[in-house]
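Open the model in your viewer and keep the sequence panel beside it. The stops below say what to select next and what is there.

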Amino acid sequence: MDSVQEQPSVKSQETASNLEEKPNSSIKEMVISTVVLILFTGASNSSFPLLTQYIHSCYWEVYSNGTISTNNQSPCRANVSDEASGVEVRVQQSTSFVILKICLCLLVPSVFVNMFVGSYSDHIGRKALFLLPMLGCTCKYVGCLLVIKFHLNLNFLLIGILLEGFSGSTFAFILANMAHAADVTKTHSARTLAIVITDCSLYIASALGQIMTGFLIQKLDYFYASVIHTTIILLAIAIVIFGLTETVKEREVKELSPVVHFKKVFGFYFNKSRDNKRSILLVYVIIFALLSIGLSGKYTIEILYQLGRPFCWNPVKIGYYGAYSTVFMTICGLLAIKLGSKCVRVEILAVAGMLLQMGSLILEGLARTDAMLYSVPLVASISSVAVPVTRSVFSRMAESHEQGAIFSSMATVDTLCAFIGSSTFASLYRATVGTMRGMAFLVLAAIAFIVAILKMLVIVKLPRQPDYEPLQPPPEAQKDLDQVQYGTLRKGENNTPC
């Protein structure tokens, strides 16, 4: 009888009952999850530059009949004849085609997986959400090891890539980190800071991974680089299993039907009862989609661009550039949010960042010297603020027990748009590498400009709507957010230090 009486209050009290309250251990949990994030992201994100350079070197061996060495220098510097230039174009085209197939095998399954895993994690727990993509990435590296060791056909790489795709890939891992950060923080301001820290940790881990990958390829070879990355991922898995505390208390799936979880994930955008929140989310999901297309498109072609003429960079140089670019823009983004948000809304900083991103992409597309390429991150500077600001808005729109679902919707959009961006720009680069190889970056600059325009429309239009309080915090966090505004000021207020 008691259980029957308690049943109606389960949903209304799910926020309090389903998530464990750990005020004394929240810092510890954030430290552990950040260590796991750095280990896994550093090793996982290194797979793309490693595979790109390995595939590129394989095609150099094929098209040059093994006459051009790729061990100690970039092959396009080994011979500057017209014949070598033609070979280099063919290598770039063939490599980009294999990368396109890799993107298809990785991202298409991930789109469907990420539609549901976040919502299920609100019931079965966050540990499972951490472990699934980590096991998938391990399968990918095992496939790489076999192909490299036994010189198998490059198409065998796709088996491991498919397995990672069905695990949700790094998109599911980021989803797990964001949901975990939301679980262990109690106020909106703390949640925003946790999300920004998580995003910055992603960038730092990526930078460390790129430096390490460059040295490992140069000093050892592709096989031992893959072995070391696999070992790091296994270490991260051990930390999750034995060190990370489960933040979901009641681990029981009350509804197994994927249709229910699909509605839960995407109900944010179509539920009329949410009124003003729904329109805000629809605008922001378009912005997030364009950001994802642009970032994935650039990531897909940038290393190929650096490997080819006129740069002809080797693995170490590519690693140095990736680390320098990532760390510099991360630091600039953190300083912008910390200092700039005291004077202006972070949405304005995001607009400025996207305009700078547009300029940097134009510069990169027209670059002809190393100096021009190294100046690209200097121009981009605060462009990294756009993504964490957008993630923060999404998180604040959902209740505590909906964090897995809202981040699952973001992961699905991110994965789908990464597929669109990667496939589109890999194809565009392949089509234009022989004529104007920087064309793809100019198209990316146009996307950055569109994002900036949309963000400006959000700033101008949305505050004029009635009852616009998308980032309104709970009472305990109001004092915090009045000092450092991450959202929109309420009508008639202007509490910024400036």
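Which helix gives the largest share of the nonpolar patch? Helix α8 does, with three residues. This is a predicted model, in which local features need pLDDT of at least 70 and side-chain atom pairs count only at pLDDT 80 or more, while totals for chains, interfaces and linings use all residues. Residues are numbered from 1 along each chain as its sequence is written, and side-chain values use heavy atoms, with hydrogens and water left out.

**Stop 1: the nonpolar patch**

Select Val142, Leu146, Phe150, Leu152, Phe156, Ile159 and Leu163. Together they form a nonpolar patch on the surface with about 660 Å² of accessible area. The area comes from the Shrake-Rupley method with a 1.4 Å probe, and for residues only the protein chains shown count as cover. Patches are made of residues with over 30% relative accessible area and no salt bridge; like charges are joined within 9 Å, and nonpolar side chains (Val, Leu, Ile, Met, Phe, Trp, Tyr) within 5 Å. A salt bridge here is a side-chain nitrogen of Lys or Arg within 4 Å of a carboxyl oxygen of Asp or Glu.

Now colour α8 (126-150) and α9 (157-165): each supplies at least two residues of the patch. Helices are DSSP runs (H or I, at least four residues), numbered from the N terminus. Leucine 146 lies in α8 and counts as partly exposed because its relative accessibility is 43%. Buried means under 20% relative accessible area, exposed over 50%, and partly exposed in between (1.4 Å probe, protein chains only).

**Stop 2: backbone details in loops**

Go to histidine 151, in the loop between α8 and α9. Its phi is near 50°, a positive value in a residue other than glycine. With a relative accessible area of 67%, histidine 151 is exposed.

Serine 381, in the loop between α18 (376-380) and α19 (386-397), also has a positive phi, near 35°. Is serine 381 buried or exposed? Its relative accessible area is 13%, so serine 381 is buried.

Next, select arginine 309 and proline 310, which are joined by a cis peptide bond with omega of about 5°. Proline 310 sits in the loop between α14 (276-307) and α15 (315-340).

**Stop 3: confidence**

Colour the chain by pLDDT, the predictor's confidence in each residue from 0 to 100. The chain mean is 77, and 72% of residues reach 70 or more. Over residues 1-24 the pLDDT is below 50, and this stretch has 25 contacts beyond near neighbours in sequence (contact: heavy atoms within 4.5 Å). Where pLDDT is low, predicted coordinates should not be read in detail.
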